[in-house]
Amino acid sequence: MKKLIYLITALLTVISCDNSQPNDNPELNEFISKLDDKSIEEIKEEMNSNVKQFESISKFFENSFSNEIEVIVKEDEKYEEAFKIDTTGISKALYQFNDIVFVQTFEDYESQLEFTKNNSDSSKPINLGEGVSQKFIPNKIYYHDGEIRTDSIADYEVDFTFDEAWGKVKPIDSIDITYNLNYVKDYDVVEVSLDKPKVTFKGGEITLVKAEGNYIYFTLSDTIDSPVRIQGYNAEGKVLDRSGYSNNGIAPGEMKSVFTEMLGYFKKLQEKLNDDDFENTAEFQEYLKNNLSNLDFFNDNDGIFHRQYYYHGNVKSIKLYFENDSENRETLFTARNYKPFKETDDLFAMETEDATVFLNSKGEPQITIKGSDGLENTGGNFYEDYNYFYYLNRAEKRLDTLLVYDVKVFNNGLVGILPEQENEHYTLFTSDNKPIGSKSYWLMREVGDLLFGITDDDKYYILDENANATLLTGVTKISDNLSDDRIIVSNANSKIGFMNSKGKMVIPFKYSDAEDFEDGITAVQFNGTYKFIDLNGKVLFDTKEDDIDFLKKDDQEKRIYSFDYGKTSYNYKGELIKK
Amino acid sequence: MKKLTIILLFITLCGYAQIDYKGLVKNLEDITFETDIKTHFKGIPFKEEYSQIEFSDERFLRFYDIIVDKVSFENNWGGRTMTMKLFNEKSDYNNIKTKLIELYGEPEINERSSSIFYEWKTDKVNTTLRIKTEEGIFTEFDELVVTLIQ
Amino acid sequence: MKNVIFYIVLLASISITSCGKDALKYDFSKIKSHADTKGLIAKIQLENEDEDIDSTSSFEQITIKGMHYAGVPIKEALITDNYTLLTTDTLNFSAKNLLEAIEANNGLINLTDSYSDRLEFGWKDETEDKTLKINLVNGKHLAAFGDKDYAELTINYKPIYTIPLANIHKEIKTFDNQAKYVLNTRSYDCVYDIIVNDIIITESSNETEFNLNNYIVGPDSSIKIIVKPRQKDGAKAFNEQAYFTAAIVNNENEEIIEAIEKTALKGSTPIVFQTDFNSTLPYYPKAWTDGADLRNDERLKDKVIALYDKLGKAMLAKDEQALNDIFYQKDFEMQQLDFDTNFEPARSEWETYLSVQLYCYKYTVANDFDIEFNSGGKLIYTYAKDKSDMIIFTGKGHDFTLNHYLYQPKGSNELKIIR
């Protein structure tokens, strides 16, 4: 059901975007081959139910896309800015990849990756204006088992919105990626209007066919490259806002809408299927390949490309911007696995059609459990699905269901379990699901690789992998961040100090305000003013200021220390920024 | 009952019947200090908060034939206040002002940069009409407060 | 008045049916459940074979002529698994007619929300929740509906429960004089224990309102209030401004039944106020009146555990009848003492139990607890010591706890939940 709808959409995109004959089209062939394992009966059933759905979808689209030529009154005209090269975002775009992570999931013996920007509010790369194109090219994949792969990986997609297939099922630690930016540096402008309806350009022709009300129709020879931008102008020469457009190989009027055409095709297929014209799936696939090319819609022989545009205003002329010269910029970054594979003997779960397979770091199947699906690893040998928590009992090769309120697996391998209720204490277990330690904690917190247990009497303990608890004298609050191997901690008098990632206090409680370290320094307040200190708490110099704004960043996302509402600022190295 | 049914059937045959809300329409000018509010408005939904009771179904609320959006009643030591919110129709404003002048004579006028207060005082009732203005011209109603003195 | 309105609507729909251009064949106002809706679509599908209607779809838009809601023509019906959305046409005051048709059946209703061009009304009853949105096209406002205004009626059908526990409201009797006894307190810098009819209903509380009906079993009742210093910041004595006053009020008519005058609190020893009060009710529950004195029951602790264990087992086994038997008497008596014929309390409690059944896979019963004896040993309450409550139900990220007053009917050997 789901697959065929996917096929229909895919067919639509492949066919309508590509001029080559469909039967030579490798992408189309691939889509058609997806039907391989379906019986002809299944296809028939799916076709019947899907044509109906497609019909309603196409009705919806036709209504929303059907533009009518209309004369727009002056007051209702909408304008946009004239095209110009905007390179302001370029340098920012090149520096945006300092903390990129990916989520790796496994399904049917294939890895799926989705990327996320971890360093800003938006999880996606910066949107760049028109005339700028960006590309991600993977160079090196570092697998957890030590393999480094460089060949035939350039086509894997670095996608920040969807899961994409990334080949073999093996945990990846990190990926080196080249980010390539190409932007228009110089361009040609060609204008066509009713006064000058035909222009020759680069050996081809651009012709204005019709301009009426908010509608304009013009053609370009197929030999001319696509313009970077097309803008419509009204009689006064103001740039109009576009309301709709259609680009086609076939002249308007000679074709029905894409959807009607496709629907007609699918209905024909449906009829043939229902009449039992095909003996088996292979025959159906063959028919699909041969007959797609017979559709008029896909035959473009006139050598010109037809463009129809609609505007929020009465359009009199069109300017086309063609790239003349472009500039290329490149940067290299490393994306890391958001949930890296930890111990080399850990297993990971992969869902297949009828089972969950647990594989080792080399991607070799170790345990297969039939029937279970939707399992997600929560760390070590612990898993969960929507309804239950599980422990993968590797000795017995089975999944044990844990009937508890919550299971938390920590980075050091310890497991905290709330047996019955939210408001009770965590009981500690080993990674083999054996009880360990004598104390229970009402709160467990993790900062970096440090695990803290907090008891009823508000005492903080550091817990090692054997649940040995070390009391942190005086600590009453711990920050969530580990930065430059330092964690902010405070005591009962609200004085701030710093702890390192081993849990050792390296700078005693003495500051009344502080932020995390960045690039080896930070500003802290004591004795009234803010002072810059190094990682050991040594004062570098006193700013003599008593008001700070930490939130500012420079172009390269580095911190700016801004004092007294921006009157005095220091860069991330602690150097005074001259005005 | 049968007779009524037949009559009604006759009236409604081949035509749309509308519920006759006439019986439920309340003329707010009839309210006195003695009126038992809940009994008077029986059947009409209301909101009650502390000592204030509010009706907001404009289908049933009229003040000298003008549609009232919302009305709330509150009793205090001075008497009973009836606060009305009206729809911002200029004709409603003109009609209400004319009606009040006809009833109580010329009001005391207090004009400010973007509002006007009209006040009518008798020993039984005080009426305040507040409107918002732009350059002295009516733009919208603020509120119409009728205080029924004990 | 309501009856007359109802007649008119009924007649209006008859007259429309008999002489309208398109006979009004499919009445959505007769639909009372999601299953009924499916039935109606199937009927529409059967009678309109040329049209493309799928009665199995979970998102079906139908624009067949002849659909109506209590006589008001419906232009489009959207049927989904979760709701039905009916849109009227923009002819002949359809929005006004629909509002009036619903009000004729369900009573006048307050606006729930109102924007300048859209008005909203809501109705809730046992089988469905309705939301009516009136879109003003050329009517200015509610009082002046225009002929082109149209309405969108969204109906959510609720599941129907046959279990008696979810239908208690149907069994509730109402009376002319249904007193609701409430204790209102006012105080400063103190806490208090309240004991009604020898039942400790709260300890060290500073709340200000207590419903007493649940603890009444006859026309004569007693109340004892032990007022203690608040012991804030280690203080052991009453603050010099501390005072206490209370009154038992019949909330039905605001009549004061018994009052404790404002008393200044001095010293550090608790002050006891004690009085009898007339607790006449038109209904008295059996409650624990025939209960056995449990004070010398050696097996009491085991019986408490056995009861909660039975409850836990019934919940995990999704044994609806057993749950009904465990809770019915308590719920019935409490709702009857509230003289509450609303369907919501029983339904929402039952739905809570259903969600516990759905989400929880484990229960834990406290083994270590203190037993408090009330009402001459006939009524007990327990305080868990090893757990947060007497019974804890656990699911993945879900927990639910219970603790109740228990008694043992004479002749029985098992405890029962009673409050």
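## Chain C at a glance

Take the contacts in chain C between residues at least 6 apart in sequence: 64% of them join residues at least 24 apart. Keep in mind that this is a predicted model. The fold of chain C is built from six helices and 24 strands, and 49% of its 419 residues count as buried.

## The nonpolar cores

Now for the inside. The largest nonpolar core has 71 residues, and Ile225(C) and Leu311(C) touch the most other members. Helix α4 of chain C (residues 300-316) gives the largest share, seven residues. Domain 2 (181-278) and domain 3 (300-417) of chain C both contribute residues, so this core lies between them.

Leu311(C) is worth a click: leaving out residues up to four places away in sequence, its contacts are Leu323(C), Ile326(C), Phe327(C), Ile391(C), Phe393(C), Leu402(C) and Ile417(C). Apart from this core lies another one of 35 residues, including Tyr69(C), Ala77(C), Ile79(C) and Leu111(C).

## Where chain A meets chain C

At this interface, 15 residues of chain A are in contact with 16 residues of chain C. Together the two chains bury about 1,300 Å², and carbon and sulfur atoms give 47% of that. On the chain A side, Tyr405(A), Glu420(A) and Gln421(A) supply 47% of the area that chain A buries against chain C, more than any other three residues.

There are two salt bridges between chain A and chain C. One of them pairs the side chains of Glu384(A) and Lys396(C), at 2.7 Å from N to O.

Notes. Residues numbered from 1 in each chain as written. Chains lettered and ligands numbered in written order. Predicted model: local features only at pLDDT ≥ 70, side-chain atom pairs only at ≥ 80, totals over all residues. Heavy atoms only, no water. Core = buried A, V, L, I, M, F, W, Y, C linked by side-chain atoms within 4.5 Å. Buried < 20%, exposed > 50% of the residue type's maximum accessible area, 1.4 Å probe, protein only. Helix = DSSP H or I, 4+ residues; strand = E, 2+ residues; numbered from the N terminus. Domains from an automatic or database assignment. Contact = heavy atoms within 4.5 Å. Buried area = accessible area lost by both parts, 1.4 Å probe. Salt bridge = Lys/Arg side-chain N within 4 Å of Asp/Glu carboxyl O.
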